[in-house]
Amino acid sequence: MPEMSVFPGVTRRDFLKICGGLAALIGLGQAGAADVAEALEQIAKRPNVVWSLFQECLGCSVNLLQSRTPQVATLILQQISLNYHEAVMAAAGDEAAQNYWDTVNGGDFYWIVEGAIATKIPGAMTVHGETSMDIAKKTYPKPKATIAIGSCACYGNVQAARPNPTGAKGLAAFLKEDAGVADPVVINMSRCPGNAEDMLAALTYVLVYKKLPELDSVGRPKFLYGALVHDNCERRAHFENGDYIESFGDPHCADDWCWFKMGCKGPVTYAPCPVTRWNGHQSWCVKAGPCIGCSEPNFWDTMEPFYSPVPNIKAPGINGISDSKFTGILVGATAVAIGAHLVGTAVTHRLRGGGPLEEPSGDTSDGGGE
Amino acid sequence: MAKTKVVIDPVTRIEGHLRVTCVVENGKVTDAWNTCTLFRGFEIFMKDRDPRDVWHYTMRICGVCPTPHGWNGVRASEMAMGVDKMDDNTRLIRNMMEASQLAYDHILWFYVLNAFDYVNVPNALKAKPKTPTLKAVQEQLKGFVAAGQLGFLANMYWDHPGYKLPPDLDLELTAHYLQSIEMQQIANDAGGVFLGGKYPMIMNYAPGGCTQLPGIEDILTYKQRMQQVTDFVDTVVVPDLLAIAPYYIGLAQVGKGVGNFLSWGVLDEKSQDPYDRVFPRGGIFGGKLVAEKVDPDETKMYTKTSFFPDSLGAGKHPLDVGQEPQEYVDLAPITGNALPNAKYDWTQAVRYGAQEAPMEVGPLAQMLLAYLAPRPEAVQLVDSTLAAVGAAGHPEILISALGRIVARVLKLKINMDNAQRWADELLANMATGNIAVNSMPEVPDSGEGKGGWDAPRGALCHYVRIKNKKIDSFAAVPASNWNFSPRDDKGVRGPVEEALVGLPVEDPSKPLEILRLVHTFDP
C-alpha cells in the first residue's frame with residue numbers, strides 16, 4: 001500500500017508532485033516543494049499527543065473526560081491525534097505498545113505524563129515489561145514539549161507521602177536525580193487531580209506561541225499558578241470580616257462563609273481554582289469544603305492535618321490561632337509555598353513572622369526520594 | 001497441537017495497570033494469570049496519619065471511583081471515632097453522591113471502556129445513515145480516517161471476524177459513544193460537581209457527616225441533571241444493549257468463573273442495615289442461588305504468589321497483614337515461552353471465610369443478590385429480561401460474560417430510579433425543619449472501624465485501627481483485589497483467571513476474546 005499523505009485519498013508521492021506544482025506557481029521553483037509540503041502539512045495535521053500513565057489513579061484522565069472547553073469528542077476527533085492513552089485507546093497489548101513507540105520515535109509529538117516514577121522499587125510500575133524509569137528516560141529526549149499533569153507526575157504526590165515506600169518521584173525530579181538530565185524542561189500542571197482544561201490551556205499556549213510559558217520555581221506556568229487561592233477566593237470578603245464557619249453543618253455554610261477555621265489551605269496554596277474552576281468551569285472545591293492544598297509539592301506531608309487551621313496567618317477576629325503540635329510542620333509548608341514564589345505584600349503582611357521566609361532556590365526537586 | 005502463550009500488557013481501557021497471560025491450546029484458553037503491574041503502598045504511608053484525613057487519601061486509590069472510596073474511608077474512620085450511625089441527611093447526601101458516581105461510571109464503562117470490543121468503528125463508514133445526526137457523525141469519521149491519523153483508534157483488531165454488527169449499528173453505537181461522553185459529564189455534575197465541589201475527588205464528606213447541607217437550588221439541579229441521564233439510559237443505553245446482544249449471544253456461554261459472588265451492599269435505606277440496601281449485602285457460594293450473610297472481617301489475605309514475603313498473608317485479617325514489598329520484581333518476559341513465575345502479582349490474593357473461597361464481585365453479584373433479597377425493582381427487571389430472551393425462571397443463565405454486561409445495565413437503570421427518591425427524601429427532611437448534619441467527632445485514643453460499601457465495579461471495604469489518636473493500621477480491599485486476585489497459597493486461581501479458562505480464542509495473535517472477557521469484570 002502506498003504511503004498516504006495527510007490529505008484524504010492522496011498518496012505521499014502525488015502530494016509532493018502537487019506541492020512541486022504549487023511551489024513553481026508561487027515562484028519558488030521545484031526546489032521549494034519541500035517548504036510548501038511542510039507548510040501544508042502543518043495546517044492539515046492534528047498534533048500528535050502521547051499520554052503516559054505511571055503511578056497514578058487515573059483521576060487526571062477522568063478529569064480530562066469532564067472537559068468541555070473543548071468537548072472531549074471535538075478534542076480527540078478534530079484537534080489532536082491522541083495516539084496513546086491507555087484508558088481511551090482501542091488497541092491493547094503489543095499493538096498499544098507499538099503505537100507508543102512509533103509515535104515517540106517519530107519525534108513529532110507532545111508528551112503528557114500522568115503519574116509518578118517509581119525509583120526505589122522500579123518494578124512497582126511497569127508497562128509492557130518496561131519500568132516507568134526506563135520508559136521515561138527513553139521518551140524524554142523526543143517530544144516537542146513535555147507536560148506533567150497532576151501532582152503525581154509533578155511531585156510524586158500521594159505515593160510519595162512519607163515514608164514513600166516505592167521511591168515515587170515527579171518526572172522532573174526523576175530526570176534530574178536519576179536519569180542525569182541536568183536541566184529538565186517539564187511544564188508542571190499540579191493539583192490532585194490535575195485540571196485537564198487548564199492543562200489544555202497550557203498546551204494551547206505552546207502550540208500557538210511555539211515556546212514554553214514562563215514557569216515558577218516548581219515548574220508551574222505563572223499565568224495559571226501566580227496567585228494564592230486565598231487571594232482570588234470568592235469568600236475572601238467573609239475572611240476579611242471575620243465571618244468563619246465554626247463547624248461542619250454550621251448554618252453559616254449556607255451563607256458561604258469562610259472555611260479558614262475548618263482548615264482551609266487556600267492562604268498557602270498557589271492555584272487558579274477560584275478563577276478557572278473545574279468541570280467545564282462550573283464549580284470548585286471551596287463550594288463544598290476547605291481546600292487541602294493539593295497543588296503544592298508534598299502537600300500530604302506539609303498540609304496535614306487537613307482539618308486544622310493554617311497557623312501563623314493573621315486572620316481577622318482570631319487572636320493567636322496556634323496549634324503548637326502542628327506549627328512546626330505547617331510553618332515549613334508556609335515557608336516553602338511563600339519562598340517558592342517571591343510573593344509580595346498580598347501575603348507577607350499576613351505573616352506574623354513566626355516562620356522563617358526563604359528565598360526561592362530555583363530547585364525543581366520535590367524531595368520525594370529517600 | 002499448537003500451544004501458544006498470549007500476553008496482553010497493557011490491558012487498555014481500564015483503571016490501573018494490568019497484564020494478562022494465557023496459554024491457548026487447540027483454540028481454547030487452558031490456563032491464565034492476571035498481574036497488576038502497579039504498586040503504591042497505601043497501607044504503609046497511611047500509618048501515623050490523622051484519622052480525620054483518611055478519606056482524602058482513600059479517594060486517591062481510584063480516580064475513576066473516588067466517591068465509594070471516600071465513603072469507605074470516611075465511614076471506617078468515623079466508626080473508629082465512635083459514630084455508629086449516620087444522621088439521616090448525611091445518609092441521603094452520601095446516597096445522592098454515590099448515585100451520581102454510579103451513573104457516570106456505568107455509562108463510561110459501557111461506551112468508552114467497553115464498546116470498542118464489540119463496535120467496529122471503521123466499519124461504520126460503510127453504513128447508510130438514515131438521520132442527519134448519524135450522517136454528520138459518519139462525515140466526521142470519514143474526515144478523521146481519511147486524514148491518515150487514526151489516533152486513539154489506531155492498530156485495533158478491526159479486521160477480526162469476531163466483530164458481528166452490521167455497519168448501520170456500528171455507526172449508531174459510535175454516535176452514542178460520542179454522546180455518552182457528555183452524558184457521563186452530566187451525571188458527574190449532578191453530585192460530584194454541584195454537591196461535591198469538583199470531580200473527581202469530591203470535597204463534601206467529613207468524618208461524622210458532611211461538610212454542609214446542600215442548598216435547595218443544588219438539590220433541584222441534581223434532580224434535573226439526573227433526569228437527563230435517566231432519559232439517556234432509558235432511550236439509548238438500554239436499547240443499545242438490546243440491539244447488540246443478539247449478535248453476541250455466544251457470550252452467554254463463556255466466562256462463568258468461580259460461581260461465588262460477594263457484595264457488601266450499596267445505597268442505604270433509612271434503617272442503614274446493609275442487608276436492607278438497594279443492592280443488599282450477601283454472598284452466593286458454589287453457584288447455588290441462595291443469599292447468605294457475610295462479614296467483612298472474614299476477608300483473608302494470602303501472599304505466596306504476590307511480591308511480598310510468603311508468610312506475610314497466610315490467611316490473616318487485612319488489618320494484620322500490612323505490606324512489605326519486595327524491592328526486586330521479576331516479571332516473566334512477554335516474548336518466548338516462559339510462563340509467570342511463582343510470584344507474579346502486586347495484588348495480594350484475597351479469599352472469603354473458612355472455605356477460603358475466591359469471590360466474584362461487581363454488578364452481576366449485586367444484581368443476583370438484589371434479585372434473591374428480593375428487591376422488587378430487581379425482580380421485575382431481571383424477570384422481564386429473562387422472559388425477553390426465552391429463559392424465564394432461569395436467572396442462573398446470567399452467570400456468564402454476557403450476564404455481567406446485562407447486569408451492569410440493569411443496575412444502572414435501578415440506580416437512576418432511586419436517585420430521584422434520595423433527593424426527594426432530603427427535600428422532605430428539610431421541609432420538616434431537619435437541617436442537621438453531624439459535625440466532626442473528637443479523635444479517640446483508640447478505636448476500630450470498617451466500611452463495606454460497594455464501588456460500581458464491586459465489593460469494597462476499608463479498615464481503620466486508631467492508636468494514640470493516630471492511624472495504627474489501615475487496609476483497603478477493593479473490587480479488583482477480589483476479581484483480579486492471583487492464585488492463593490494452595491494454587492487456586494482467582495475469579496478472572498478461572499473465568500478465562502475454557503474461553504475460545506480464534507486467533508491468538510489478535511486475542512479480542514480475552515480482552516472482552518477481562519473487560520466484563522471492569523478492571
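Helices α4(B) and α6(B) run roughly antiparallel, because their angle falls in the class over 145 degrees. Helix α4 covers residues 88-113 of chain B and helix α6 residues 167-193 of chain B. Their axes come within 8 Å and cross at roughly 165°. Axes here are lines fitted to C-alpha atoms over the stretch in contact, and angles run from 0 to 180 degrees between N-to-C directions. Helices are DSSP runs of H or I with at least four residues, strands are E runs of at least two, and both are numbered from the N terminus.

This is a predicted model: local features need pLDDT of at least 70, side-chain atom pairs count only at pLDDT 80 or more, and totals for chains, interfaces and linings use all residues. Residues are numbered from 1 along each chain as its sequence is written, while chains are lettered from A and ligands numbered from 1 in the order written.

Now the chain pairing. In chain A, 73 residues are in contact with 81 residues of chain B (C-beta atoms, placed from the backbone, within 7 Å). On the side of chain A that touches chain B, α5(A) gives the most, with 5 residues.

Next, the core. The largest nonpolar core has 274 residues. Such a core joins buried Ala, Val, Leu, Ile, Met, Phe, Trp, Tyr and Cys residues through C-beta atoms within 7 Å; buried means 20 or more other C-beta atoms within 10 Å of a residue's own. Those with the most contacts inside the core include Leu171(A) and Met96(B). Leaving aside neighbours within four places in sequence, Leu171(A) is in contact with Val113(A), Ile117(A), Ala136(A), Ala148(A), Ala153(A) and Val186(A).

Notes. Parallel < 35°, antiparallel > 145°, perpendicular 65-115°, else oblique. Contact = placed C-beta atoms within 7 Å. Buried ≥ 20, exposed ≤ 12 C-beta atoms within 10 Å, placed from the backbone.
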